[in-house]
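Dear colleague,

Please find below the structure that I promised to hand over. My notes on what was found in it follow directly after.

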Amino acid sequence: MSRVTVLIIEDDPEIQELLSFSFAKEGWNLVVAMDGEAGLASLAKTPPDCVVLDIMLPGLDGLEVLRRIKTEASWKRLPVIMTTARSEESDIVSGLELGADDYVVKPYSPKVLAARIRAALRRKAELSSQVASDATVISRGSVRIDPGRHEAFHRDRAIQLSATEFAILEFLLRNPGWVFSRSQIIDAVKGRDYPVTDRSVDVQILSLRKKLGEGEDCIETVRGVGYRFKD
């Protein structure tokens, strides 16, 4: 089995050194790019298994790099985890709406970041295995998804979803009418003991609703409990 390769697009040498040391303990190959252009060039040359992307980069910023990754057919399923010193919700939402799978806010623990990467890689492997084992199209009302092809539609309009958004939508679609707490959604989509806050689920749901457009009302908030897909 080949070793996992992680591409770090980060311009801070101290962070690069810290992650190089930490990820070596995981047995991962680490490729480092100092800016967005170099990161995209590295992707084109040798696609990694996961990308850790800083938002604040010189020249081409992280959000533009993310947009280019997610609009390239051969890269759009590549897990991308954002790192940023910005903690404002608007920056986080922007990244998630563009297709980022997760985020961590600086300063962060390398162990926490490694756990996020492992979870993203597990989810990628699960999605790949579903192509052969679960090709059934799921349709509820005006929303339709094809798990095997990782495609989602509202009526006949294609919706571009991140891996996490797709997993949440699929989970809710498979259980219409049932109300799930944020922790239940996290457990179903990311696995038990995944290091993420309930607020992260709210941000993902917000992004998912925006992408559904007129179909956003199909995901209903049940105050004090969580979310459900209207039956």
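This is a predicted model: local features need pLDDT of at least 70, side-chain atom pairs count only at pLDDT 80 or more; totals for chains, interfaces and linings use all residues.

Arg155 is exposed, because its relative accessible area is 53% (exposed means over 50%, buried under 20% and partly exposed in between, with a 1.4 Å probe and protein chains only). Arg155 sits in the loop that joins β8 (151-154) to β9 (157-159). Its phi is positive, near 60°, although the residue is not a glycine.

Residues are numbered from 1 along each chain as its sequence is written, and side-chain values use heavy atoms, with hydrogens and water left out.

Two further backbone features deserve mention. The peptide bond from Lys106 to Pro107 is cis, with omega near -5°, and Pro107 belongs to the loop between β5 (102-105) and α5 (110-133). Gly99, which follows α4, has a positive phi near 120°. Within helix α4 (residues 89-98) itself, the buried residues include Asp91, Ile92, Val93, Gly95 and Leu96.

Which residues does Gln16 contact, leaving aside its neighbours within four places in sequence? They are Glu10, Asp11, Leu30, Val32, Ala33 and Met34, where contact means heavy atoms within 4.5 Å. Gln16 is part of helix α1 (residues 13-26) and counts as buried because its relative accessibility is 13%. Its side chain reaches the backbone oxygen of Glu10 at 2.5 Å.

Ser200, in helix α8 (residues 198-212), is likewise a buried residue, with a relative accessible area of 10%. Between Ser200 and Asp102 there are 98 residues of separation in sequence, yet their C-alpha atoms are 8.7 Å apart in space.

Two helix pairs were also examined. Axes are lines fitted to C-alpha atoms, for helices over the stretch in contact, and angles run from 0 to 180 degrees between N-to-C directions.

Helix α2 (residues 36-45) packs with helix α3 (residues 62-71) at an angle of about 20°, their axes being 10 Å apart. The two are therefore roughly parallel (angles under 35 degrees count as roughly parallel, over 145 as roughly antiparallel, 65 to 115 as roughly perpendicular and the rest as oblique). Gly36, Glu37, Leu40 and Leu43 of α2 make the contact with Val65, Arg68 and Ile69 of α3. By class, this contact of α2 with α3 has 4 nonpolar, 1 polar and 2 charged residues; Ala, Val, Leu, Ile, Met, Phe, Trp, Tyr, Cys and Pro count as nonpolar, Asp, Glu, Lys and Arg as charged, and the others, Gly among them, as polar.

For helix α6 (residues 163-174) and helix α7 (residues 182-190), the axes come within 10 Å and cross at roughly 115°. α6 and α7 are therefore roughly perpendicular to each other. On the α6 side the contact is made by Thr164, Ala167, Ile168 and Phe171, and on the α7 side by Ile185, Ala188, Val189 and Lys190. The contact of α6 with α7 comprises, by class, 6 nonpolar, 1 polar and 1 charged residues.

With kind regards

Definitions and conventions:
Helices (H or I, at least four residues) and strands (E, at least two) are DSSP runs, numbered from the N terminus. A polar contact is a pair of N or O atoms within 3.5 Å; within protein, one must be able to donate a hydrogen and the other to accept it, and residues adjacent in sequence count only if both atoms are side-chain atoms.
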